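Trainee: Could we go through this one together before I write up my notes? I would like to begin with the overall layout and then move on to details.

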Amino acid sequence: MSPIIFDHHKKVKDAKLFINGEYVDAISGETFDTIDPSTNVKLASVANANEQDANKAIDVAQSTFESGIWSKMPVDERAKILCKMSDLVMDRVDELATLETLDVGKPIKESRGFDIPRAAWNLRFFAEMAKYVVHENYEMNKFMSYAKYAPAGVTSLIIPWNLPFMQMTWKASAALAAGNTVVVKPASYTPLSAVMLGEIANEAGLPPGVLNIITGPGGTVGTAMTTHPAVRRISFVGETTTGKTVMKNAASQLIPVSLELGGKSANIVFEDADLDEAVAGSVEAIFKNQGEICLAGSRLLVQESIYDQFLGKFVKAVENIQVGNPLDPATDMGALVSKSHLETVDGYVQIGLSEGAKLAHGGKRVAGLGEGNFYEPTILYDVDNKMRVAQEEIFGPVIVIIPFKTEEDAIRIANDSIYGLAGVVWTNDLRRAHRVADRVDSGLLWINCWYVRDLRTPFGGSKASGIGREGGRHSFEFYTEAKTVTMKL
């Protein structure tokens, strides 16, 4: 029986830990509540793991890894199981999308139309790619050297609350495809969809102990997952301050880490851009998922010669955004994940106004939608890049619009940030597009588009936006240990 089943009364069953192929209570018996952000009503009770539970899951993952039942399984057989998991995700796309929307507050059209299908593709992509990872061999004089890539071992994955199921499969798919065993901790705000992956794994035939999912606070569970001596890889997605803590913890055991952290990406619109295309893309880049996305184009840099024209078009487009019930297919923007996060977002808007920014739209909680955490899509303009709202990650539906004069000016402003995750350039000048893409300090840069991801390409940020790259061969390089073997011919 499924540990979580959605019915038409918006109720879900209580969620347990998934360890060694079974759903179990926390050792303490304690639980915590997960809340529907659109109503602030309890969705379910969730097992509240502690350090003992985390150690138990890691010990199971370690013994399973050492058994070789997964780590020594031929890659073709591993791929078949992961592809079966992919199929099962799509078989249950409506159930998973509804659960994701209830737990996160995001629009159902995003969950059903993008998040869950992308999660299924994550599983299939890495399963298939594992069969074709290129291995190296070299001859020199009378010797031949070749490289072997063995699974690293127990892998700790710590997942954020904004895109839980998609992010979980993005990490777990590559780690599992490489032959590792995995322990996952979803965010306490949004644990429900992650727990469902355990049932899917069992149905697909994944051996018990290969995938383990534990729910609980980062201060205890997360600490255990980043300091346990059996853990050989840590991949964390979240905000920068917590990422620094993860890195410090990992250093105590010399555990390699991959960190995908915060962002304050510059979305640059030049005067020669297709303005209608740039407006539509820029609206999506900040208001998708309520702005709760690390890749958001949250700093909108617009050339002075088109500033007023662009602002007028942008405001009109934002006025058409439908904020409402996340389960309504017509909804464009749902609820923020929690009351406290709504207060944080609103606090930043007030800070921006006090700093001298001007308000073109929004700036307050949405009226008439009950007790949910609904906030208006908000436009702050005539912003100076030195303002806090331009420097700090708000992680909500708030855009700051900054004028610039020249290409050099735009690049200077874009790079004047502690973050370096992503960026966007809107221009019809091919040479300018490549010049700016080369000089903006970010791990990802889109030209005349946003949020397009080829899973073969490296993903990650520079500066305070993270360490390391995942995606394609970069994922397999991280989740494996390379060994060179040299033989006399």
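Trainee: Which domains does the domain assignment of the protein give?

Mentor: Bear in mind that this is a predicted model. The assignment gives domain 1, made of 17-261 + 465-488, and domain 2, covering 266-447.

Trainee: What separates their centres?

Mentor: Taken over C-alpha atoms, the centres of domain 1 and domain 2 are separated by 31 Å. As for contacts across the boundary, 23 residues of domain 1 are in contact with 32 residues of domain 2.

Trainee: How many residues does the largest nonpolar core have, and where does it lie?

Mentor: The largest nonpolar core has 102 residues, and those with the most contacts inside it are Val269, Phe287, Leu295, Phe310, Phe314 and Ile401. Domain 1 and domain 2 both give residues to this core, so it lies between them. As general background, nonpolar side chains tend to be buried together in soluble globular proteins.

Trainee: Take Phe310, then: which residues is it in contact with, leaving aside its neighbours within four places in sequence?

Mentor: With those neighbours set aside, Phe310 is in contact with Val269, Leu275, Ala278, Val279, Ser282, Leu300 and Val302. There is also a second, separate core of 28 residues, which includes Val345, Val398, Ile413 and Ala414.

Trainee: Changing topic to the strands, in which sense do β5 and β6 pair, parallel or antiparallel?

Mentor: Strand β5 (residues 137-140) and strand β6 (residues 143-151) pair in the antiparallel sense, over four bridges. One of the pairings is that of Met140, whose bridge partner in β6 is Phe143. The hairpin of β5 and β6 has two residues between the strands, and Asn141 takes a positive phi near 55° there.

Trainee: And over how many bridges do β6 and β22 pair?

Mentor: β6 pairs with strand β22 (residues 480-488) in the antiparallel sense over nine bridges. Within this pairing, Tyr149 stands opposite Ala482 in β22.

Trainee: OK, charges next. How many salt bridges does a search of the whole structure find?

Mentor: The search finds 24 salt bridges. Among them is the one between Lys42 and Asp33, with the closest N and O atoms 3.5 Å apart. Lys42 counts as partly exposed at 44% relative accessibility, and Asp33 counts as partly exposed at 43%. Another joins the side chains of Glu128 and Lys131 at 2.9 Å, N to O; Glu128 has a relative accessibility of 30% and counts as partly exposed, and Lys131 is partly exposed with a relative accessible area of 30%.

Trainee: What about Glu481 and Arg233, and which parts does that pair tie together?

Mentor: The side chains of Glu481 and Arg233 meet in a salt bridge of 3.2 Å, N to O. Because Glu481 lies in strand β22 and Arg233 in strand β10 (residues 231-237), the pair ties together parts that are 248 residues apart in sequence. In terms of accessibility, Glu481 is partly exposed, with a relative accessible area of 39%, whereas Arg233 counts as buried at 4%.

Trainee: Last topic: which residue does the UniProt annotation "active site" cover?

Mentor: In the unreviewed UniProt entry, the annotation "active site" covers Glu260. In the model, Glu260 is in strand β11 (residues 257-260).

Trainee: Is Glu260 buried or exposed, and which residues does it touch?

Mentor: With a relative accessibility of 6%, under the 20% cut-off, Glu260 counts as buried. Not counting residues up to four places away in sequence, Glu260 touches Gln167, Trp170, Lys171, Phe236, Val237, Gly238, Phe459, Ser465 and Glu470.

Definitions and conventions
Residues are numbered from 1 along each chain as its sequence is written. This is a predicted model: local features need pLDDT of at least 70, side-chain atom pairs count only at pLDDT 80 or more; totals for chains, interfaces and linings use all residues. Side-chain values use heavy atoms; hydrogens and water are left out. A nonpolar core is a set of buried Ala, Val, Leu, Ile, Met, Phe, Trp, Tyr and Cys residues joined through side-chain atoms within 4.5 Å. Buried means under 20% relative accessible area, exposed over 50%, partly exposed in between (1.4 Å probe, protein chains only). Domain bounds come from an automatic or database domain assignment. Contact means heavy atoms within 4.5 Å. Two strands pair if DSSP finds at least two bridges between them. A salt bridge is a side-chain nitrogen of Lys or Arg within 4 Å of a carboxyl oxygen of Asp or Glu. UniProt positions are given in the numbering used here, feature names are shortened, and annotations may be inferred rather than shown by experiment.
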